[in-house]
Structures are given as structure tokens and as C-alpha cells.
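Me: I have a model open and want to learn how to read its features. Can you take me through them one at a time?

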Amino acid sequence: MTQTRSASKTLTAAALTLATLGVGLGIGLVDTAQAAAGLDAGTVVVTTGGAVSGTADSDGLRSFQGIPYAAPPVGSLRWASPHPAAPWDGVREATAPGAPCPQPKGLPIGTPSESEDCLYLNVTTPAPRTGKRPVIVWIHGGSLMFGSGDLYRPERLAAQGAVVVTVNYRLGVMGFLADPALKTSGGLGLEDQQAALRWVRANAGAFGGDPANVTVMGESGGGYSVCDHIASPKSAGLFDRAIVQSAPCSTGGTRSRQEAEREAKTTLDNLRKLGACTLHEHAASCLHRADAATLMKAYGTWNEPRPVAGTELMPLTPAEALRTGRFNRVPVLVGVNHDEERGMILGQELMLGPMPAEDYERTIRAEFGSRADTVLARYPLSRFGSAGEALATVRTDHTWSVPTLDTAKLLSQWAPTRMFEFSERNTPWWASTQTPSFAPRAQHMAELPYLFDFNTPLFEELPENQRTLGDRMTRTWVNFAKAGTTNWPSFRNGGYVQSLTAGPWKRADFTQDHAYTFWKNLH
């Protein structure tokens with residue numbers, strides 16, 4: 001149970017009312033109201049739901065954790081759109097994060113959990129001051145199957161002058177199951193994120209943020225969620241800028257109703273095999289009755305769920321929305337890592353050992369069919385140090401780099417767009433993991449330790465000579481959140497892509513590095 005301090009000792013009814021009315025109207029009014037209520041203007045903040053008490057560090061950064069932004073999605077609300085959180089009396093302790101949303105054991109960025117009471121967010125903010133700061137809302141990655149907001153420590157972004165909000169949202173089966181019997185949008189996890197963005201609009205001012213300057217930011221699965229917010233009419237007016245990392249909107253973000261319903265049927269069949277529901281029991285009854293652990297087992301561990309396209313939530317795929325200009329036109333910073341697939345291949349090699357040379361051609365033929373000879377001629381094994389390195393290069397160019405450039409092209413027709421490529425080669429490897437068979441370089445997620453610290457050690461310690469790159473990146477991200485621009489040209493200026501490294505930043509030779517013309521002409 002969340003602890004609260006007695007309202008009679010800390011607040012008068014009139015002062016609390018004044019403080020609540022002040023939420024979102026500017027830090028000066030909020031501070032005045034808090035002072036009238038006898039609250040510490042630094043570590044106690046009044047939100048629309050009630051007062052919360054956080055902590056402050058020696059640098060003046062304040063942290064408020066485990067704030068409910070929606071009602072627990074339990075009981076009759078399990079398969080429902082998010083409902084408002086119940087308000088509370090007194091001062092709620094906000095010194096520990098809420099539980100991660102249900103997720104199986106799998107990726108190191110995840111925390112196995114069966115707790116459905118999980119719709120909480122965390123706020124990290126600089127010391128109070130006159131004036132409003134930009135707000136960044138971080139949507140964590142993890143294939144929409146794993147992860148939680150509290151894994152990421154955003155102090156470095158906050159130290160650059162931003163109010164940073166990290167969010168838990170429903171994942172996997174609880175967030176994206178689209179069984180017709182449930183009559184959901186097929187994207188409850190995305191709806192949770194929208195509820196969090198509405199909370200931020202209403203409460204940012206109380207934490208020193210500008211509720212009229214909110215940037216939604218995400219990476220990988222979280223980046224695809226940002227693509228969805230850009231495309232969803234239900235997200236209109238909830239944010240003012242967007243940062244998309246390692247998530248090409250032109251090829252992902254949603255799935256078809258048919259794909260989603262096939263997945264739902266498989267899940268229901270598995271529930272029956274597990275004895276969680278009877279053969280003739282109505283699907284909705286079974287899905288409400290089964291516990292979270294059984295639902296996750298029936299759903300599987302390695303799915304990559306997405307919201308369903310062709311719904312009120314997502315009328316269009318992100319690609320179609322960008323192509324036609326029917327999206328939320330805000331300034332966008334979009335980027336990709338130079339060697340995305342190295343991380344995936346090296347992860348497989350940790351379990352299976354280095355990829356045998358003969359498997360390279362076999363894999364290319366399986367993936368590209370009649371086009372395999374052309375791909376093999378462009379990417380001969382002899383060019384690379386190993387089969388794994390060769391396959392990682394092919395998949396990076398084909399699956400990540402080319403569609404990210406296409407995404408920037410589509411966005412820039414309608415909205416201010418900046419593009420970057422994270423290209424640093426001397427990046428930290430995963431913590432407590434054996435040495436990889438080839439250099440990970442700018443693998444998937446490699447940019448994250450330059451932007452965040454982590455509550456669970458994920459990566460090796462960032463080398464001292466790399467910290468300057470991290471400082472420069474966090475400053476760039478926060479400046480984009482402030483003004484919607486970067487210190488390099490817009491993408492419309494000749495398809496400009498900025499290369500981010502520990503050395504001088506310069507224009508990337510992106511199309512050449514990733515054989516863009518080759519892939520666009522491959523038929």
C-alpha cells in the first residue's frame with residue numbers, strides 16, 4: 001500500500017484546493033500554493049491527483065517515482081482502455097517506482113513481473129526556478145514485450161535542463177492482444193502511453209516543466225510507439241516534438257487485423273491446452289479469468305506485438321500516414337545506429353557460438369530468395385571477418401538504414417526533420433558478458449548509455465574519453481526538446497544526415513555506407 005502523510009497535519013483544505021488549481025498554470029503559482037499549504041516547494045509537488053513527496057540529490061535534481069497516471073488495469077479494467085487514477089488525500093510518498101508491467105523472463109532490459117497494477121510514471125526534474133523547462137517523455141524499448149520506465153535513469157538529460165518523465169505501459173499479451181471477443185483497440189499499451197501524455201500536459205507545470213512543450217521520445221519498440229503517436233489521431237495535441245531512435249516508421253509500428261487475430265487465436269488455443277479455460281468457454285470469460293502468468297505463457301516470450309492498423313486508434317499505418325501527410329506534424333529528430341544488427345547477431349552467438357561460414361549463404365538465400373545472388377555479389381563473405389559480421393551488415397543496411405532514410409524523406413515533406421546516425425565504434429559492450437567474436441560498434445541500443453544511466457547494470461562502464469560524447473548528445477537532445485532544431489541542417493537540405501561520434505561531428509556518407517541505391521533498385 002502506498003504511504004501518505006495525514007492531510008490534517010500537512011495541508012489545509014483551502015491551501016490544497018489552491019495548489020491543485022495551480023497545477024499546470026506555471027511554477028510560480030504552484031510554488032505559492034504549496035507554500036500556503038505548508039509544503040516543501042522542492043520535494044513536495046501537488047498534482048491533479050494529490051500531493052507527492054519525492055527526493056532531491058546534492059546537485060539539486062529532484063526525483064518523484066511511482067506516480068499513478070491511470071487506474072490499475074485489474075478486474076473489470078484488465079482489457080479496458082486506461083481509466084483515470086483515483087485521487088488521494090494527504091501526501092503520497094513518491095520515492096520508489098511502481099511495479100513493472102507483466103512480462104516474462106527474457107531480455108536483460110526486462111524485469112519478470114506478474115503485477116497488473118503497473119501504470120505508474122517517474123519524474124526527474126532540475127531544482128525549481130523561474131521559467132518553464134522543456135519536458136521529455138521517454139517511452140522505453142523492449143519489443144513492446146519487456147522493460148519498464150524505472151530501468152532508465154535520466155539525470156544526465158535533466159541536468160541539461162529538461163523535465164524527464166519515464167513511463168510504464170502494458171506490454172505483450174496484456175497490452176496488445178486483439179481477440180475479437182475483447183472488443184479492444186488492439187493497442188492498449190499505446191493507449192496507456194496516451195494517458196501518460198495527457199497526465200504530463202496536466203501536471204508538467206507543477207514540476208517546473210512547460211506543458212506546452214512536450215517531446216515524446218523512444219527507442220526500438222518505444223521508437224515504433226513514437227511512430228504510432230505521430231500517426232495516431234488519438235495522440236493529436238498531446239506532444240509538440242518527437243525523437244525516434246532505431247525505429248524506421250516506414251516499415252513498422254502496426255500490424256494487420258488478420259495478423260493480430262491469428263496471434264489471438266493461437267493464444268486462446270494455448271490457454272485451452274494449459275487447462276486455463278474449457279473447450280467451449282467464451283473467449284472473453286477465459287481471458288478475464290486466466291492469471292497473468294498463464295496468459296504470458298500462452299502468448300509466448302518472443303513475439304513482437306504492435307497496435308492494429310485500420311482502427312480508430314490507428315486508422316493508417318505510420319508509413320501510409322507519412323506518405324499522405326495525414327499525421328501529427330511536429331518537428332522530428334529521427335536516427336539509426338550505424339551497425340544495428342551486430343547486437344542481434346552477437347546475442348545469438350552468445351547462445352549458439354560463432355556463425356559457421358557456410359551458414360551465411362544459406363541464410364541469405366532463405367531471406368532473399370530469387371534476389372540472393374545479387375545480394376551475395378554485393379556483400380561477398382570475403383569482404384568481412386566472419387559470417388556473423390557479414391550477415392549483420394546485410395541486415396543493418398536492408399532492415400534499418402534504408403528504411404530510416406525513407407522515413408526521414410517522408411517526414412521531411414510535411415514537417416521539420418533532422419536525421420542522425422550514431423556511428424561511434426568504441427562503444428561499451430554488455431556488462432558481465434563474454435567478449436564478442438567481432439566488434440559490436442554502434443549496435444542496437446549502443447547510443448543509450450550515452451543518454452542514460454541504468455538502475456540495473458546493462459553496459460560496461462562508459463570510458464572516460466566517451467563521456468564528452470554523452471554530454472554532447474544529451475545537450476543536443478535537450479536543445480531539440482527546447483526549440484525543435486539541432487545545430488546541423490534539416491534533412492530537406494540535401495538529405496543531410498549527421499554522424500555522431502566521439503570525434504568531430506560531420507555529415508555522414510549515409511547512402512554510400514549503406515548501399516541505399518542498391519537496395520532501392522533490388523527487385
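Me: Which residue of β14 stands opposite valine 332?

Reply: Strands are DSSP runs of E, at least two residues, and helices are runs of H or I, at least four residues, both numbered from the N terminus. Two strands pair if DSSP finds at least two bridges between them. Here, valine 332 stands opposite threonine 417 in β14. Strand β13 (residues 332–337) and β14 run parallel, joined by six bridges. This is a predicted model: local features need pLDDT of at least 70, side-chain atom pairs count only at pLDDT 80 or more, and totals for chains, interfaces and linings use all residues. Residues are numbered from 1 along each chain as its sequence is written, and side-chain values use heavy atoms, leaving out hydrogens and water.

Me: What does β14 pair with through four bridges?

Reply: That partner is strand β16 (residues 497–500), and the two run parallel. Within β16, leucine 500 is the bridge partner of phenylalanine 422.

Me: Which way do the side chains of β14 point?

Reply: In a regular strand, side chains alternate between the two faces of the sheet. Thr417, Met419 and Glu421 point one way from β14. Arg418, Phe420 and Phe422 point the other way.

Me: Is β14 (residues 417–422) enclosed or open, and why?

Reply: Buried means under 20% relative accessible area, exposed over 50%, partly exposed in between (1.4 Å probe, protein chains only). Six of the six residues of β14 are buried, so the strand is largely enclosed by the rest of the structure.

Me: How many residues are in the largest nonpolar core?

Reply: A nonpolar core is a set of buried Ala, Val, Leu, Ile, Met, Phe, Trp, Tyr and Cys residues joined through side-chain atoms within 4.5 Å. The largest has 127 residues, and Tyr69, Phe207, Trp477 and Trp519 have the most contacts inside it. Helix α15 (residues 387–412) gives the most to this core, with 11 residues.

Me: What does tryptophan 477 touch?

Reply: Contact means heavy atoms within 4.5 Å. Leaving aside neighbours within four places in sequence, the contacts of tryptophan 477 include Leu157, Met217, Phe420 and Leu500.

Me: Is aspartate 406 buried or exposed?

Reply: Aspartate 406 has a relative accessible area of 15%, so it is buried. Its place is in helix α15. Beyond neighbours within four places in sequence, aspartate 406 is in contact with Ser250, Tyr516 and Lys520.

Me: Is leucine 352 buried or exposed?

Reply: Leucine 352 counts as exposed because its relative accessibility is 74%. Leucine 352 lies in helix α12 (residues 340–352).
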